[in-house]
Each structure stands twice: as structure tokens, then as C-alpha cells.
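Here is a short report on one protein chain. Look over the sequence and the structure first, then read on.

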Amino acid sequence: MNEILNSNDFLLALDITATIVGLVYIWLEYRASIYLWIAGIIMPAIDIFLYYEAGLYADFGMAIYYTLAALYGYAVWKWGKKRGTAADEQLPITRFPMRKVLPVALLFAVAWAAIYEILIHFTNSDVPITDSFANALSFVGLWALARKYLEQWMVWIVVDVVLSALYIYKGIPFKASLYALYVVIAVAGYFKWKKMMTAQPSE
């Protein structure tokens, strides 16, 4: 009995801590601050333990990926360039290129199928479809965020709605509340970034 209580207390402590870091992360993302990637390293490091304890194995694997992706995102925002930008110009906010829609959609489909297969064959996950969907779509969202595409917010709206419901089901209430808040901030973030994109110096 004490072991169960200790496990639940540990899960709750991780849940609260990850939620606090997550609030900092989304605020920095809203402001398009490069420091969001620092929070993006800390948060998944906590989530690795949280998701493992909760039995969310796809999320556990994705938390490891998120840590590496945050390093990539920081590097791209710091030193990356887009076609037509000057060498000393900060990575600008742009729209998602139409030429990339099909390959990204195919990548999402493959990732969803692959994660689903891993979950049903190698874990005891009871939410393989939802867990794999949200995580596969997160691949797209993280890549689009790293490239500073405006439409990354639309991807995160879908991801956040799904994950909020999933975390309620799995008994992680603070994390569920955080992702519900993310939905609201993602909508505001879209319009914030759109305004910032319009205010950028034209070529």
C-alpha cells in the first residue's frame, strides 16, 4: 500500500514540475524566443520519468526525441537560414511551403503506423492509436516549429486537444490541464506570429 502511495506521490510531483516548465515553454514559444528550446530540453527530461511511470510508452520514447529535437531547434533558430534570407538575418517566420505538404503528410502517416506497431507488439499500452497519433503529429509540429513556420500552431492545436483528453484518461490531471491551456495559447500564438510575420522587413 505504501509503495502505491509513494508511486502516486512521485507521479504527481513529476506532473506538477513538468507543468510548471511547460508553462514557461509555451510562453517563450508565444513570444518566439529562442530560449524556448532551453525549456524544451528540461521539460522532456522530466517527462521521460513521468510517462514511463504512467505507462505512456510512445510518449516516453518521444520525450527522448524531444530532447534531441530541442537541441536541433536551438541550432536552427540560432544559425539556420531560409531560402532568400541574408547571411546575418535572423530566421524569419514564414508560411508552410505547399511543396512540402505531401512529403510531410506521408512522413506523418509512416510515423503513425510505425509507432502504433511498436506499441501493440512491444508494450502493454491500452491507448496505442491515440498515443501513436499524437506523437507522430508531434514530429511534424516540432519540425515546423524549428523551421519557424506559422502553421506549426495549427498542428499543435490538434496535438494538444488529443493529449489533453489522453492525459485525463491516464490520470495525469495537471499535465492534462496544461495541454488544455496549450490549446488556448496555440490559438493566440497563431495570431501573434501572424502579426509578427507581417511586421517583418520585406525583402
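## Burial

A residue counts as buried when its relative accessible area is under 20%. The model is predicted. By that cut-off, 46% of the 203 residues of the protein chain are buried.

The accessible surface of the protein chain is about 10,800 Å². Carbon and sulfur atoms account for 70% of that surface.

## Fold and dimensions

The protein chain has seven helices and zero strands. Read from the N terminus, the order is α-α-α-α-α-α-α.

The radius of gyration of the protein chain is 17 Å. A compact globule with 203 residues would come out near 17 Å, so the two agree. Along the principal axes, the C-alpha atoms fill a box of roughly 65 × 30 × 25 Å.

Contacts reach across the sequence. Take those between residues at least 6 apart: 71% of them join residues at least 24 apart.

## Charge

The protein chain carries 15 positive and 15 negative side chains. The centres of these two sets lie 17 Å apart.

## Serine 132

Serine 132 sits in helix 5, which covers residues 128–146. Is serine 132 buried or exposed? Its relative accessible area is 0%, and the cut-off for buried is under 20%, so serine 132 is buried.

What does serine 132 touch, leaving out residues up to four places away in sequence? The contacts are Trp112, Ile115, Tyr116 and Leu119.

Note on methods. Residues numbered from 1 in each chain as written. Predicted model: local features only at pLDDT ≥ 70, side-chain atom pairs only at ≥ 80, totals over all residues. Heavy atoms only, no water. Helix = DSSP H or I, 4+ residues; strand = E, 2+ residues; numbered from the N terminus. Rg over C-alpha atoms; globule rule 2.2 N^0.38 Å. Buried < 20%, exposed > 50% of the residue type's maximum accessible area, 1.4 Å probe, protein only. Contact = heavy atoms within 4.5 Å. Areas by Shrake-Rupley, 256 points an atom, 1.4 Å probe, with all protein chains shown as cover. Lys, Arg positive; Asp, Glu negative; His and termini not counted. Charge placed at Lys NZ, Arg CZ, Asp CG, Glu CD.
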